[in-house]
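I opened my notebook to look up how two chains meet. My entries follow.

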Amino acid sequence: MAEQRGGRQGSLSLLGRASSGPHVELIGNREAVVEGCQGILEYDEGSVRVRAGRLVVRFTGRGLKIRCMTSDSLVVEGFLLGLEFLT
Amino acid sequence: MLDRFARWFWGAVKFRILGSPERFFNHCARNGIALWEMEGGTEPGAWVRAGQYRQLRSCAREAGCRLRAQERHGLPFSASFLRRRRGLPAGAALGALLLILLSQQVWSVEFTGLQTISEQEMRVACQEIGLVPGAWKASFDPVLAEQQLMLRFPGVSWLTVNTQGSTAVVALAEGVEKPDMEAWKRPCNIRSAAAGQILRMEVYAGQAEVAAGDAVTAGQLLVSGVTEDAWGGVTLHHAAARIVAETRREFTAAVPLSRTEQVSTGRELVRRTAGLFGLRIPLTLSGEPGASWQGEMVRTALRVNGVELPVFLLTETSREFTEHEILLTPQEALDEAKRQVETQKSALKIERILSEEESFSQQDGMFCYTVRVVCEEDISEETEIFLNSTN
């Protein structure tokens, strides 16, 4: 019971931390959903660089494509090979 | 699936970006313009909703790039030819509206199962209860209409009113009148229908009260339905007999030597009226003919695949008649009088005429013809014995 409570506290603290930075969600190596981004810095078939607060998130791969985009989120799809956080 | 339908319905434009696609995409995202299938690299481009394409210009200006539309797809583009022909969509909308409105009404009333009742009688009855072409289907209650029609025609054993599309079908079955099955059981006497002398008798049931050779008067009891046995018991019968007697009959016919007849003047008036969705449009401008005109009406309805449409042509043909006095020759009057006498004879059960004596006279413009016959005639006539039950 105590473990469960501890686990729940842990997940809550994770959310708290996530709210301060970008939320990146990967679905296998085919799709990445980025929430909390401020815009695209670079976009071609081999790499996508996205500004996310103080970080820059870089996706590398083959046939990368931005499926859709709003003011603070986007969906990248393609064959993802790497994810880098640049400062 | 829903996305694809919405994109097709609102229309979509694929465009190419000449310049920096990243900056352009960022501006679009900030301005709330949704793009999809965004492509980067050497030939950057994206898809946008057709209605939002104009808004992209300001984003392109701010991003320092130019746009070039490449593909157009969806309903607004495939239906763009209708912009120059506004009548087509307006007509289609009006047609659809008319179809919806007209399908809410009854446009033809049909009858099935009519035997002795004429269609005209039934049509008039339906008209009285509001079941006419042009009536709103929602305003009439089929169950109530059935009850009203059943009350109007008591001889109908069952009746139903069904609506099939815009057709109201009145289906009915006329009842068969129950025959009088008890008539042969009812006690009765046989009386004489005329005065005469009985030649022969065939008594099938009952007690004979007269015998062959007897002279009888009109109304005399010939065969009694009441029989009494040796112990004084009384039995009632349905008396049946054939009593042939020699009778004398006199038939008279008086025919006027002049009479008035309706003779056509040859003038004919044809009036036509078109019926369209319950409206009657006169096609002839001539007025109502006078009282001396007699007419007939023919209604020709338009039918498609056996279904009567609410379009018909009513042709009313009237002919003028005048009254003419016709004088009959004595021979013509005699022929007419003989026909009347024959009708009188056929009403009796005469078996054989033994002798016949004719006489005629003319007085006060009448031709009188009298025939006196001596004949053999069945004079039996059933008369019911009325019983008062004390139980």
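I began at the meeting point: strand β5 (residues 55–69) of chain A runs antiparallel to β2(B), and three bridges join them. Two strands count as paired if DSSP finds at least two bridges between them. I then looked up one bridge: Ile66(A) has Met38(B) as its partner in β2(B).

I noted the ground rules. This is a predicted model, where local features need pLDDT of at least 70, side-chain atom pairs count only at pLDDT 80 or more, and totals for chains, interfaces and linings use all residues. Residues are numbered from 1 along each chain as its sequence is written, while chains are lettered from A and ligands numbered from 1 in the order in which they are written.

Next I looked up the whole contact. Chain A gives 14 residues and chain B gives 14 residues; two residues are in contact if their C-beta atoms, placed from the backbone, lie within 7 Å. On the side of chain B that touches chain A, α2 (21–30) and β2 (35–39) of chain B are the elements that give two or more residues.

Last, I turned to chain A itself. I found one helix and six strands, in the order α-β-β-β-β-β-β from the N terminus. Helices (H or I, at least four residues) and strands (E, at least two) are DSSP runs, numbered from the N terminus.
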